[in-house]
Amino acid sequence: MNDGSEKQPGLSVLDRPNSYIGKTVPRPNLDRLMQGRGQYVSDMVLPRMAHAVFLRSPYAHAKILNIDETAAKAMPGVIAVVTGAELAKVITPWVGVLSHLKGLKSAPQHAIAIDRACWQGEAVAAVIATSRALAEDAAEAVLVDYEELVPVTDMRTALDPDTPVIHADLGDNLAFERNLDAGAVDQAFKDSDEVVEAEFVFGRHTGVTLEPRAVLADWNSGEERLTVYLGTQAPHMVQNIAALHLGLDEAQVRVVCKDVGGSFGIKVHIYADEMATLALSKLLRRPIKFVADRVESFNTDIHARDHVCKARIGVSKDGTINAFEIDDVTGIGPYSMYPRTSAIEANQVVNLVGGPYTTQNYRARTRVVFQNKNVTCQYRGVGHPIACSITEGLVDLAAQRIGMDPIEIRRRNLIRDDAYPCGSPSGLKFEALSHHASLDKLVAMMNYDALRAEQAELRKQGIYRGIGIGSFIEVTNPSAAFYGVGGARISSQDGVAVRLDATGRVICQTSITEQGQGSESLTAQIVGSVLGVSMERVRVILGDTDNTPYGGGTWASRGAGIGGEAALQAAKVLRKNILDVAAAILQAKPGDLDIVDNAVVDADGGQQRIELHELARIVYFRPDTLPPGFQPELMATRHFVPREYPFAFTNGVQASLLEVDPQTGFIKLLRHWVVEDCGTIINPQLVDEQIRGGVVQGLGAALYEQCIYDERGQLTNANMADYLVPMSGEMPDIDVGHVVSPTLESELGAKGAGEAGTAAAAAVVSNAVNDALSPFNVTITEIPLTPRVVLAALGRI
Amino acid sequence: MTDLASISLTVNGERISAQVLPRLNLADFLRDHLGLTGTHVGCEHGVCGACTVRANGDIVRACLLLAVQVENASVQTIEGLSDSGEVSDLQAAFRDRNALQCGYCTPGMLMAAQDILIHEPQADREQIREHLSGNYCRCTGYHAIIDAVEATARARSEQAR
């Protein structure tokens, strides 16, 4: 008997015969996508569907004096022109604050601006027509009188007394401030042999999902129900918000999420223009579709990062790190995004700086300020790349100052692998991390000593190669501590319902969603393994609030760890139920039976007793043959959320090898290595590809990506030709290795892996560039590391 | 408003006649008029490669061509290449290697990959990376895609031997 119940946590389904867990198996949904037969929201068409185009403010800050829609309304195909004031009759404004971020404030935000536009790109009116092209034509004929106001663009001066206040009612431009002072920081710096300071600058960048945001809203006034087709990571959150602001019951809103063309946190939010589209459908009583074009995406998809952080580290000559201190400022645009708020990233930076290291002396301040630029919010690896770049940049600077190898200083300060459980000075609880095992593995994978020798040899020939190392921690599997405690109605639980149908196949409904990470695959792998059913017989249904359990969705690397555990637990219950039925039919004891290869077998010997399809046939069509009083239940539901630790921390380490051309400032990436510990690995290939994809998003931030605003708040590179993202020609191969420390919070033991790649990629590139440029006595603490930045640091321009 | 123009062309081997506005681009024509939604639109200015299709044998950006420009042309989309089986081995390699995540870039990526496999069947990793540099992928980091195309190149050349 091997149903898992007698096993130690973390082991049960892993050692079942024919387990899919830990095996690379292809994702079930790939053929559809490869044949062009996916269904993204932009592909969808409904009867009487009309298209919305938003007229957007050309100014970063302006009063809206008058909107003249007369000419536009007379144009071919135009159904309506709707202003913010008109739309406000069917949708209420919102304020993006959370109560656990004490003092966080924001102003009411409308679906369409009413009196004032607060960033270049904010919608000021909607044009609805029978086609997108006709709506665009008509939008050009809408005349808006603006009075341009002084824009607040520079976050460094946003709090100065002579800077205008964006929302007068709020009193100032400070959205949120957090201070932390742990240990004895002043004494620790005093006791240090060296104190190294730097100012770190992080460009503002954005997700550039290849499919722009798209929504199709269908208000059916006959049913009094709104169906929302949306590429989202959190369907139930959208259902709740839509109902709340449209004056509906949750039961009147259905959110359907089909294929999603990239998300990365960009699609975990609900945007003003999407809310407006829902309201327009209700107002006009017909399906309305809005698909952002690429320029709109750059101007309205959330941006992220945008930090300036003064930081210092105190170190002893023996390499002991004594203290970290940071003073961070970040600009978030004119509103805190709703409902997750734009203060989370800065909060994470405070939480995560110094995270891998033993020192308990840590002081931090972060100030989150309003600006007249597009809003920022959570994007892949929220706060991680900032915190990691600061921490690992400081550690390298300290090592350089005392003349110690970057690997050696880390070995002397990373939390020991046998020190857990333990805590960080910012209050994080670590269950079990593996910094040293990971670093050892990385050093072996990259053949560190040989690379150093090669580097020295090449340097003699005038070739400047650099090696960068960066350890990191990664927040995954968030509990209610992320949003729930702050009052946001974003589920931290996820649920899975599993049932055996009448042909012996398994149908599995899960509240996590699929945007390409492999949610469908990992759910089918877990359910198939627990039930003893082949994966081809498991169908996974997700992304539909009418047809899945209530849950959080897929964000913050929670799909495998939370949704996966719910799937495991639901499947265990169904397995027991199936064996109860089998025992009744076979007049056997449930404990003497097992399920293997789609059939009930004897636990001893494995002799086949009854196939699942035959069992299901009896249950559904001939229940009269079952013993009196026996009620078979071939469906089971379970939910899961971690309770003991608010988050599962994973850890890892990355390294970059690159070459800098001091003549041109160009950086050529040569090789990249990652070792990561995400606990139990469900599908090794999917984990590796999550990490590789994350690394490349981090490399984009390190070298290319930046939303560039001018002093008037105009986004000057809002297109793919000017906003550079990594392409295949510039990217290196990425070697991925693993250390496995399963979390004991769940039977599955899986932690997340989605943020890991992004967390440290920019840090190791920066460290490698500084290593390469060390002969020039140059230190750069700014990303993106464009040729201009490199040449300026070298004094060549 | 300009008058509609008549066009005739072949799409995936099927004869098509249509009335279109001269400003209509090929991507929108394929998607909205013919329902061939496998051709994706990512940037609408010729940078991302998601709308890559084949016109008279050459890969083109469907967002940069007008529908009226493909008069009399033979256009092939991902649906056509899939149904004919022309790229079935490449698709299998993508599946085995998980060379796609969200799948949005994938039709364009497969069109571009098949193009280099036809024109430079011996292409090495570096050449494949170079050739696919006009196709953005935001999910995979490209490594897996390069692996899949390289594996297909090797398998095809072994088969040809």
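1. Buried area is the accessible area, taken with a 1.4 Å probe, that two parts lose on being put together, summed over both. The model under review is a predicted one.

2. Start with the layout of chain A. Domain 1 covers 29-39 + 493-640. Domain 2 takes in 41-149 + 212-260 + 267-299. Domain 3 is built from 383-477 + 646-794.

3. Next, the interface of domain 1 and domain 2 of chain A. Their C-alpha centres lie 39 Å apart. Each domain brings 21 residues to the contact. Together they bury about 1600 Å², with 44% of that area from carbon and sulfur atoms. On the domain 1 side, the residues that lose the most area to domain 2 are A:Gln39, A:Thr545 and A:Tyr550. These three account together for 42% of what that side buries.

4. Charged pairs also cross this domain interface. Four salt bridges are found between domain 1 and domain 2 of chain A. A separate entry to inspect is the salt bridge between the side chains of A:Asp259 and A:Arg32, at 2.6 Å from N to O. By the domain bounds, domain 2 includes the segment 212-260, and domain 1 includes 29-39.

5. Now the two chains. Chain B places 46 residues in contact with 51 residues of chain A. The area buried between them is about 4200 Å², and carbon and sulfur atoms give 52% of it. Eight salt bridges are counted between chain B and chain A. For a pair to look at, take B:Arg97 and A:Glu689: their side chains meet in a salt bridge of 2.7 Å, N to O.

6. How many cavities of 30 Å³ or more does a search of the whole structure find? The count is 12. The largest cavity holds about 680 Å³ of space. Its lining has 45 residues, and those closest to the centre are A:Gln517, A:Ser557, A:Gln690, A:Gly754 and A:Glu755.

7. Which domains of chain A each give at least three residues to the lining of the largest cavity? Domain 1 and domain 3 do. Among helices of chain A, α14 (519-531), α15 (559-586) and α17 (684-703) each supply at least two lining residues. The largest share, three residues, comes from α17(A). By residue class, the lining of the largest cavity divides into 20 nonpolar, 20 polar and five charged.

8. The second largest cavity has a volume of about 150 Å³. Of its 20 lining residues, A:Gln109, A:Trp119, A:Tyr271, A:Ala272 and A:Asp273 are the closest to its centre. The lining of the second largest cavity comprises 12 nonpolar, five polar and three charged residues.

9. Two peptide bonds deserve a check. Most peptide bonds are trans. The bond from A:Tyr420 to A:Pro421 is cis, with omega near 0°. A:Pro421 sits in the loop between α11 (406-413) and β16 (422-423) of chain A. A:Ile783 and A:Pro784 are also joined by a cis peptide bond, with omega about 0°. A:Pro784 belongs to the loop between β29 (782-783) and α19 (787-793) of chain A.

10. Most residues other than glycine have a negative phi. A:Asn598 is not a glycine, yet its phi is positive, about 70°. A:Asn598 lies in the loop between β22 (593-596) and β23 (599-602) of chain A.

Notes
Residues are numbered from 1 along each chain as its sequence is written. Chains are lettered from A and ligands numbered from 1 in the order in which they are written. This is a predicted model: local features need pLDDT of at least 70, side-chain atom pairs count only at pLDDT 80 or more; totals for chains, interfaces and linings use all residues. Side-chain values use heavy atoms; hydrogens and water are left out. On a 1 Å grid over the protein atoms alone, a cavity is a set of points where a 1.4 Å probe fits but cannot get out, and a pocket is an open set with protein on both sides within 12 Å along at least five of seven lines; lining residues have an atom within 4 Å of a point. Grid points are joined across faces, edges and corners, and a volume is the space filled by probe spheres set on the points. Helices (H or I, at least four residues) and strands (E, at least two) are DSSP runs, numbered from the N terminus. Ala, Val, Leu, Ile, Met, Phe, Trp, Tyr, Cys and Pro count as nonpolar, Asp, Glu, Lys and Arg as charged, and the others, Gly among them, as polar. Domain bounds come from an automatic or database domain assignment. Contact means heavy atoms within 4.5 Å.
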